[in-house]
Each structure stands twice: as structure tokens, then as C-alpha cells.
Amino acid sequence: MTILGIDPGYGSLGWSVITRDLKLIGFGSIATPSGGSIAERLLLIHKQLESIIIKHKPDCAAMERLFFNKNITTAIDVAKAIGAVLLTLTLHGISYTEYTPSQVKQSISGYGRAGKDQVQFMIMKIFKLDEIPKPDDAADAIAIALCHALSNNSSGRSI
């Protein structure tokens, strides 16, 4: 089973592809130009994510559930990016599961309030990497896919 991990964002969207037996296939980020309209940025996310799907043929996807504290404008734009992601996944018949940040941290480090550095350290150890994957959005996407691989939800059911 191949899992597509997604750390949603509209300025930078992290992605990763891993296998259920914990092999890291690929990772990166989709960066959109800050001067572009939201429609142009969403189209770019769709097109680049679609090319990743075509290349890696994931069986399912895992995505971080939207969480925000203060900036409602940013949350709205991230929600729009999530809409573009969900459309792209649906067009390719890929089911998805969402995880909260604390679920991801708990799954990987054993502690739901673990720091980013603790999660990145575990990613390096589990995938036998020499350094932390960059950018941070890509590392987060690896953590999200790993959470899914380690969970009982890895059948690819939507929630």
C-alpha cells in the first residue's frame, strides 16, 4: 500500500509518499507565488498534486486536519487549499483520512504534545535518514503519512 501524506497550506503545501512497510518514496512541497490570486494558487496546487498522484499512484491519502488559533483569514485560505486537495483526490478515486496534530505527534513520538524537533528526530530514525527532510512542510507530510501507516485507519477510509 502506498500512502500520500499531505500537510495542507496555500503558500506551501507539503507532500510525501511512503509505503505501509515504512519506505520513504518521495517528498517535497508545492509552493505557490504570494502575488498570485487565490484561484491561480489553487489551480497550481491541483495541477502539481495531480502530477504527484500520476507519478506515485497512491492507494490512499492522509492529511492534517485544519487547526487555527487566531488568524481567520489564513484559515479560510488554507480551507480553500484543502478543497482543491480533496477535489484532486476525488477525481483520482483516492480516499483520505484526517488526523489532528496531536494524533500525529502521539503516533510517532508517543506524546501528543511533542515538539516538532522530537517528531522530526523520529522521522529520521524510522526512515534511516541522515538529515531532517526540508522544507518543514514536507517533513510534516511525512509525519502525517507515517501516522496513517501506523494507525488502524490505514485501510484508507474517509472521516
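1. The side chains of D140 and K116 form a salt bridge, with an N to O distance of 3.0 Å. A salt bridge here is a side-chain nitrogen of Lys or Arg within 4 Å of a carboxyl oxygen of Asp or Glu. This pair links distant parts of the chain, as D140 lies in helix α5 (residues 136–150) and K116 in helix α4 (residues 116–126), 24 residues apart. Helices are DSSP runs (H or I, at least four residues), numbered from the N terminus.

2. This is a predicted model, in which local features need pLDDT of at least 70 and side-chain atom pairs count only at pLDDT 80 or more, while totals for chains, interfaces and linings use all residues. Residues are numbered from 1 along each chain as its sequence is written, and side-chain values use heavy atoms, leaving out hydrogens and water.

3. The mean pLDDT (the predictor's confidence in each residue, from 0 to 100) is 92 for the protein, and 94% of its residues reach 70 or more.

4. By the salt-bridge rule, the count is five. Another of these joins K80 and D77, whose closest N and O atoms are 3.8 Å apart. Both residues belong to helix α2 (residues 72–91); because they are three residues apart there, about one helical turn separates them.

5. D77 is buried, at 16% relative accessible area, whereas K80 is partly exposed, at 39%. Buried means under 20% relative accessible area, exposed over 50%, and partly exposed in between (1.4 Å probe, protein chains only).

6. K134 and D136 also meet in a salt bridge, at 3.8 Å from N to O. K134 is exposed, with a relative accessible area of 56%, and D136 is partly exposed, at 34%.

How values were computed
Helices (H or I, at least four residues) and strands (E, at least two) are DSSP runs, numbered from the N terminus.
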